[in-house]
Amino acid sequence: MQFPDYAAEDEAPGTRFLLFPQSPFGEAAAELELVEISAPPGTIGPGPSGPRMYVVDPIGKTIPYGAIVPGPFGPGMYLPPWHGQRNAPAVPDEFGNFLHIAPGDPEFEAAHLFGSAHFTMDVWEGYFGRQIPWHFEADYDRLELSLLPGLDNAHIGWGFLETGGTTEHEGEYRPYSLNFDVVAHEIGHALIYSVIGLPSGDNASGEYYGFHESAADMVALLASLHFGSVVEALLDETRGNLYTYNRLNRFAETAQTAQIRMAANDKLLSDFACGWTSEHALSEPLTGALFDILIDVFHERLLDHGLITPEIEDLSDRLEGTPDYSTVMQALFDERYAQDPEGFRIALLEARDLMGSYLADAWDMLDADGLSYSHVEEALLAVDRDISGGAYQQIIESNFRVRDIGLARVGPRLADPDDDSHAVSVRTRVPHP
């Protein structure tokens with residue numbers, strides 16, 4: 001398998017934005033990072049607004065998109081576009097970039113939301129090797145990114161991605177538009193809806209909804225690894241021992257110690273054999289298996305580059321999940337990382353891109369009707385056989401078995417869907433059959 005030369009990346013310039021790679025809340029000194037989206041300078045106008053998406057900062061909007069409201073022909077979905085008044089848009093500078101807009105400026109939320117959404121799409125369209133159409137393209141050719149401070153949520157739906165915020169942390173308002181993980185997660189849902197579609201009739205399994213959450217989490221996780229500062233801080237913090245508690249395995253941070261879900265978890269599919277109530281919880285065995293595959297591939301890349309020994313890799317496998325893992329393995333990783341930090345960085349980027357391309361190809365093979373986690377495993381195994389001749393078959397199979405995937409069946413939904421469920425949310429609601 002060929003891997004990119006990460007020592008000398010040379011790409012045409014794109015439009016530049018300043019983004020927070022991780023939530024700026026709860027950190028003493030959250031740092032912005034300059035990123036370039038794929039759109040060339042001059043193609044993104046005020047809003048920001050581009051060919052694929054545009055931002056609206058509405059004045060007087062109180063009803064979230066997707067709500068059912070009265071209409072001239074009876075109740076119907078409240079959908080874009082917004083026709084009312086708007087706050088001043090974020091405007092590009094003379095070079096077509098948005099670097100001059102600072103976090104204290106009123107237009108920064110709009111610029112950050114647009115940059116985060118577009119950047120995530122760029123990353124994943126790179127893995128898919130093609131442009132992914134919006135799942136709502138029958139009605140809209142562009143995604144409306146809407147700021148709605150009164151919404152205690154962030155959701156994507158038919159033609160829109162709308163972000164509100166939370167005040168649960170000492171009453172401070174924390175907008176989700178500034179949380180890259182949250183925005184990337186919602187873009188992940190849109191990608192999955194486009195690639196595998198919506199279930200027909202009542203054919204949605206519990207695992208379909210859990211898969212959606214897991215896939216959206218993986219979209220956010222791998223997109224975050226495209227920030228140089230995240231990779232640098234991650235390796236400085238862990239010395240390559242990625243099973244430690246670190247910024248990679250935290251999703252949707254709203255504070256330094258409050259995360260919505262964890263990638264490195266010990267959940268098994270058999271934990272849900274008697275039934276389930278939350279697709280977020282149900283997603284964790286699949287996300288855990290995929291995260292473990294990512295780490296195992298990273299270890300394989302370290303081994304192939306001579307950065308760790310076969311004995312270290314074997315010891316990591318044997319100690320995983322035991323109380324001794326952290327103490328024993330951290331000392332070994334500290335020593336090895338100090339010898340070649342750049343080699344560790346390249347190995348991590350190779351593992352990132354292998355995982356991203358494998359997932360994109362696997363998702364292309366899935367069908368929404370009757371989807372199961374075993375189908376995800378089968379697709380990944382098929383992709384691995386096609387791309388590498390089966391180099392990672394054992395890694396994929398063993399990590400799915402450890403989670404009881406293929407060994408256990410998920411029980412029935414134990415309670416009616418609540419407002420957080422995708423089964424009844426605006427994400428899956430469509431305006432026509």
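Searching the whole structure turns up two cavities of 30 Å³ or more. A cavity is a set of points on a 1 Å grid over the protein atoms alone where a 1.4 Å probe fits but cannot get out, and its volume is the space filled by probe spheres set on the points, joined across faces, edges and corners. This is a predicted model: local features need pLDDT of at least 70, side-chain atom pairs count only at pLDDT 80 or more, and totals for chains, interfaces and linings use all residues. Residues are numbered from 1 along each chain as its sequence is written, and side-chain values use heavy atoms, leaving out hydrogens and water.

## The second largest cavity

This cavity holds about 40 Å³ of space. Its lining (residues with an atom within 4 Å of a point) consists of I293, V297, L354, M355, Y358, L380, Y392 and I396. Two or more of these residues come from each of α6 (284-304) and α9 (341-364); helices are DSSP runs of H or I with at least four residues, and strands are runs of E with at least two, numbered from the N terminus. Helix α9 gives the largest share, three residues.

## The sheet

Four strands make an open, mixed sheet in the order β3-β6-β8-β7, where pairing takes at least two DSSP bridges between two strands. At the edges, β3 (53-56) and β7 (154-157) each pair on one side only. Strand β7 runs antiparallel to β8 (residues 160-163), joined by four bridges, and G157 stands opposite F160 in β8.

Terms used: On a 1 Å grid over the protein atoms alone, a cavity is a set of points where a 1.4 Å probe fits but cannot get out, and a pocket is an open set with protein on both sides within 12 Å along at least five of seven lines; lining residues have an atom within 4 Å of a point.
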